[in-house]
Structures are given as structure tokens and as C-alpha cells.
Amino acid sequence: MKRPHVLASAAVSIDGFLDDASPQRLVLSGPADLDRVDAERASVDAILVGAGTVRADDPRLLVRSPDRRADRVERGLGPSPLRVVLSSQAVDPGARVLTEGRDVADTVVLAGTPHEVLDHLAGHGVVRLMVEGGAGVHREFLGAGVVDELQLAVAPRLVGDGPRFTGAPDEAHLVEARTVGPDVLLRYRFGDADARWLGEACSLAERCPPSPSAFSVGCVVVAADGTVLATGHSRRDDVLDHAEEVALRDVDRADPRLPGATIYTSLEPCGQRASRPVTCAQHILDAGIGRVVMAWREPPLFVGTPSGAARLEAAGVEVVECPGFEDLARRPNRHR
Ligand SMILES: NC(=O)C1=CN([C@@H]2O[C@H](COP(=O)(O)OP(=O)(O)OC[C@H]3O[C@@H](n4cnc5c(N)ncnc54)[C@H](OP(=O)(O)O)[C@@H]3O)[C@@H](O)[C@H]2O)C=CC1
Ligand SMILES: Nc1c(N[C@@H]2O[C@H](COP(=O)(O)O)[C@@H](O)[C@H]2O)[nH]c(=O)[nH]c1=O
């Protein structure tokens, strides 16, 4: 069984603190970033914090938005993800994570190394895990090399003293930087390039509006130098859209980087389709892309013998299958 995909999330001050030294809880994120974090919470199976955070902040760790809760239910999930507290001792029975929101999410208290905890959670169906901290847990999970994605919101504050955001000396690769209100969101991924971009494609698949009659797929087109040329997900602009189709709609077919580019996709590109005349395999061939990396070979659900990969290989395209990502790619499709 594959360990869960781990998304570590934290808000830090400009000087790298997670909190100040006062006993009051410090909220560093502005309202827009808190809402972004709420959307991330809604996209996972479990949210994990250490007991230090429960003692300091007394969080509820729930999805706040009623619309996001309803959307999760429509996808066949609970209204809010499982809550996980790491502790070697009993957690205060009055803590809000144990007393509030029990109608929308369960809470478990676990102890063990990060690998043991992740194995345990995988055994209970957790595919995407969000680690929200605090300082000790981030250090431990980053140190164990089990973090796939790090989302760091840098707030325009200087704090001066308090718990710091620290990790292990590993190379983080920036995948996105943007402002969110007054904060700056920095998204990093770890691992080799194929793992990073396939993880990104699987995260994009989570954005697809659910459909009982079509797959939810995400994809990223990346140039040889690591530049993202386009991204896409199923039903992005229209109910019939496939992920590769919408991504390739956004690229300039004369772009000289296309032959050296790789398209990362959570599902094998289609080789037959009923909804539109041109298949995704054909779109990839027309764009002249030389390499396809996919997470999940298409199961024979909507077409008898899926043939996209074979078609691409026959035309000389390198096709790489990364089976370690299959659970992640299947996750947005498990409502079916
Ligand atoms: N800005 C932000 O985004 C965030 C900031 N924070 C801040 O971080 C601070 C809390 O950080 P910190 O004090 O380091 O606490 P943590 O939340 O990192 O929790 C550490 C505790 O978790 C338990 N623990 C950790 N790993 C394990 C394990 N493998 N097995 C069993 N138990 C484990 C231990 O608790 P025990 O002693 O019970 O065994 C340990 O003392 C607070 O100030 C909080 O406000 C927190 C989250 C987000
Ligand atoms: N302070 C801080 C965060 N703190 C995280 O949010 C938790 C509280 O969430 P809730 O249960 O909804 O009240 C808290 O314990 C910690 O895990 N998160 C952020 O994105 N930005 C912030 O500035």
C-alpha cells in the first residue's frame, strides 16, 4: 500500500516564525489565505497536527465553508476530513478537536514515527494528508523525507521570537509563487522532476467538477527547462473537456519547446472517445510532444479497450507509467 501524499502547510512571518512567544494564539494568515487553507483542508482525507498545537491553539481542524462541506459530501466523502493528533500521552478531553464538530469529522490520537503514522493512515484509506504543524511536527515530517508538497504563506509581519519553521536540509523545488491578499504563497515540491509534476497533475485532478459519467483528470505540460507551459483538468471550461485537451488548447503549437516537453497526466490519455472527434492522444501527437508520464492506466470503464498509450508509443512518443501515483490519481474518481 502506498503511503499517503503529504501536503505540509504553514503560515510564517517574514522572519520565519510560526507564532510569537506570547500565550495568545497568533493568526499570521490574512482572511484570503485562511480561505485558501480551508479549500486545501477540503481537498484531503485527513488533517494532522501535534499535541503542542492542540495545547497552544486549541484548534477545531474543520472545513469551515458550508459549500465546501456540501461539495465533499457530493463526492462521497465526509463533510470534513479525519482529524489526527500526534501525542505520546492522553490529549486534554476538553480540547476542541475532541469535543467540537464530532458530527462532521472523527478525531484519532496517534503516536509513532512519521512512517508508522503514515502506514497506519494509509491502512484506513487516507490518500491525501495535510500536515498543519506545529514546529516540531513540521521538523519531524520534513526530516523523515515524507513531505511531497510544502505550502508556505509568508505574512507581512516581523515577530522576533517564538517557535520557528525549520526542517531538514533537502532541496525544495518551487512550483508556484503568488500573492494571496497581503500574504505571499510559496508552493514547493520535493523529489525528482517526474514525481513532482505528476503530484501536481494529481492535485489538479482534485479541481474537476465531479461527474458520474467521466473521469476526473489533471495534467501539466512542462518544458525541458522546467517551465510550466500549460495546465488543465477535466471539465475546466466545458462539461466535455478532457484535461490534456484544455491544457493543449492554451499552448502555442509553434512553441519550439514542445518537442522537448513532457505532459504529466493523472490518467492515460484517451485513445478513443465518444464526446468529441479528437482524442487526447491525437492532441498530444498534433502538438509534437515527445514524452508522456502518467499515473494510472485507463481502466475499461467507458471504452472497451483503452488504447491511448499504445497509440502514442506506436507514433514514437516515450510513455512512462508511474504506478506509485495510482491511488492519488484514483482519489477524485472514487465517488463512482
Ligand atoms: N503558523 C502556523 O501555520 C502554525 C503555527 N503553529 C504553532 O506551532 C506551535 C506548536 O508547535 P510545537 O510546540 O512544536 O508543537 P507540535 O504541534 O509540533 O507538537 C509537538 C508534540 O506533538 C507530539 N508528537 C510529535 N511527534 C510525535 C510522534 N511522532 N508521536 C507521538 N507524539 C508526537 C508530542 O506531544 P506529546 O508531548 O503530547 O507527546 C510533541 O511534544 C504553536 O505555537 C502553534 O501556534 C501550529 C500550527 C500551524
Ligand atoms: N496560525 C495559522 C494557522 N494555524 C493552524 O490553524 C489551526 C487553527 O485552525 P482552526 O481549527 O480552524 O481554528 C492551528 O492550530 C494551526 O494548525 N494556519 C494558517 O494557515 N495560518 C495561520 O496563521
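Visitor: At about what angle does α6 run to β5?
Guide: Helix α6 lies across β1, β2, β3 (82–86) and β5. Helices (H or I, at least four residues) and strands (E, at least two) are DSSP runs, numbered from the N terminus. Angles run from 0 to 180 degrees between N-to-C directions, along axes that are lines fitted to C-alpha atoms, for helices over the stretch in contact. On that scale, α6 runs to β5 at about 135°.

Visitor: What kind of model is this?
Guide: Residues are numbered from 1 along each chain as its sequence is written, while chains are lettered from A and ligands numbered from 1 in the order in which they are written. Local features need pLDDT of at least 70, side-chain atom pairs count only at pLDDT 80 or more, and totals for chains, interfaces and linings use all residues, this being a predicted model.

Visitor: Which are the edge strands of the sheet of eight?
Guide: Eight strands form an open sheet with mixed pairing, in the order β4-β3-β2-β5-β1-β6-β8-β7. Two strands pair if DSSP finds at least two bridges between them. Pairing on one side only, the edge strands are β4 (107–110) and β7 (173–180).

Visitor: What is the bridge partner of H5 in β5?
Guide: Strands of a sheet pair through backbone hydrogen bonds, either parallel or antiparallel. Here β1 and β5 pair in the parallel sense, over four bridges. In β5, the partner of H5 is R128.

Visitor: About what angle does α1 make with β1?
Guide: Helix α1 (residues 31–42) packs on this sheet and touches β1, β2, β5, β6 (149–155), β7 and β8 (183–189). To be in contact, two residues need C-beta atoms, placed from the backbone, within 7 Å. The direction of α1 makes with that of β1 an angle of about 170°.

Visitor: Which element gives the largest share of the shell around ligand 1?
Guide: There are 28 residues around ligand 1, and G50, G52, G133, G134 and G136 come nearest; a residue is near a molecule if its C-beta atom, placed from the backbone, lies within 6 Å of it. At least two residues each come from β1 (5–13), β2 (46–50), α2 (51–57), β5 (128–133) and α6 (135–143). The largest share, five residues, belongs to α2.

Visitor: How many nonpolar residues are in the shell around ligand 2?
Guide: Ligand 2 has 13 residues around it, with A11, L28, S29, D57 and P59 nearest. Ala, Val, Leu, Ile, Met, Phe, Trp, Tyr, Cys and Pro count as nonpolar, Asp, Glu, Lys and Arg as charged, and the others, Gly among them, as polar. Three residues of this shell are polar and three charged, and the number of nonpolar ones is seven.

Visitor: Which residue in β13 stands opposite V293?
Guide: A second open sheet has five strands in the order β10-β9-β11-β12-β13, with mixed pairing. Four bridges join β12 (residues 291–294) to β13, and the two run parallel. Opposite V293 stands V320.

Visitor: Is A201 buried or exposed?
Guide: A201 is in helix α7 (residues 193–205), and its contacts beyond four places in sequence are G218, C219, V220, Y264, T265 and S266. A residue is buried if 20 or more other C-beta atoms, placed from the backbone, lie within 10 Å of its own, exposed if 12 or fewer, and partly exposed in between. Because A201 has 31 C-beta neighbours inside 10 Å, A201 counts as buried.
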